[in-house]
Amino acid sequence: MVRSGLLKNLPFLGLLLIACTSILNQEVTAQSSGAFNEPPGERRDQTYRVLEFEDGTINQRFRGVLRYYCTFRGKWSKERHPRDFPRSPSFSQPVLVSHSNGYRMWSGTEAATLGVEALAEEGFPTIITKEFNNAGFETLQMVIGDRMFNTTDSQHLPPINVTLEHPFLSLLTKFTPSPDWFAGFSDFRTISYETETFFNRVVIQSYVWDAGTDAGQTYTALDRDMDPQAPVERITKNNIPYRKPFLSPDESYIPTPLEIECVLRVGDGPIIPNTPFDEKQIRPPLYVPRPDDDFIEGMEPHVWWQKYGEGECIGRFCNSAGVLSLFVSSTALLMTTASLLLLA
């Protein structure tokens, strides 16, 4: 009886297995195709979050002029970060550089250079400019924005060039006042690993970072140099100083303090045919309302990182755990159906 039932329903079981496998493949493909993908590595671990991006059509070996027009949007405010918020906050002059894989402005795993220390503690870009110039071929261009005394204001940064040999962008700006806390990102690659083309547009959100050079625990703490200094470290809910700066009103997470949106311009010709070029034609807007920009799939970023791990892939199938979960569910469904058929 059992054998005859199994043989009788074997074609159905085969079709069910094919269907489950097909659903698995479709779901994984659907979830992964729209996610920002970057190979894992210590250089870029958790130094930024890509909120939005658009793949471009300009091949990485394009030899014409390529430059990004970037807009700096401040989001550091008493409303978003009320705990111990300073009376006269400001962002230091933001420093944005384009460079090769051989140059490292800063990273979240190594000690800060003298230039990063000076910028994170004092807000002056003099030493980091010398480090940039001394790097020779490894660096391409540095642009410096204006100091922002309104930390929820926005500004257009000067355009910055990129090439195949210098596809990386890094940015740094100091929270003023603070011991050595800063915002920015390190080693964002403007060439997609998937399409091998330059991104047409990208929105990057920053975390809060501790340069590891000063032991101060409050915004207005006296200078206390660390000896030896510690590696640059991201400030999270788990390691935040005792007065809990940067925390959200409900103290559940750290809202992003700033974002950068960059749009690619190809060549020096007009953007609109028969119309002289104007930066307004390509510049990202100064203000973009984002009511949910601090959350990923309804979860604050700190919880999301703990649950889904590293990377910028958003979705339950973007990592092996999600794929395994779906595979196990499909297999369980198949086995349950087979058991019912055998008992029939």
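Strand S2 (residues 66–74) is mostly covered, with nine of its nine residues buried; buried means under 20% relative accessible area, exposed over 50% and partly exposed in between, with a 1.4 Å probe and protein chains only. The model is predicted: local features need pLDDT of at least 70, side-chain atom pairs count only at pLDDT 80 or more, and totals for chains, interfaces and linings use all residues. Residues are numbered from 1 along each chain as its sequence is written, and side-chain values use heavy atoms, with hydrogens and water left out. Strands (E, at least two residues) and helices (H or I, at least four) are DSSP runs, numbered from the N terminus.

**Faces of S2**

- Leu66, Tyr68, Cys70, Phe72 and Gly74 point one way from S2, and these residues are buried.
- Arg67, Tyr69, Thr71 and Arg73 point the other way and are buried too.

**Partners of S2**

- Two strands pair if DSSP finds at least two bridges between them.
- S2 runs antiparallel to strand S13 (residues 258–266), and nine bridges join the two.
- Within S13, Val263 is the residue opposite Tyr69.
- Strand S6 (residues 154–156) is an antiparallel partner of S2 through three bridges, and Gln155 in S6 is the bridge partner of Phe72.
- Strand S7 (residues 160–161) pairs with S2 in the antiparallel sense through two bridges, and Asn161 in S7 is the bridge partner of Arg67.

**Trp209**

- Strand S11 (residues 207–210) contains Trp209.
- Trp209 has a relative accessible area of 2% and is therefore buried.
- Trp209 and Thr236 lie 27 residues apart along the chain, and 8.8 Å separates their C-alpha atoms.
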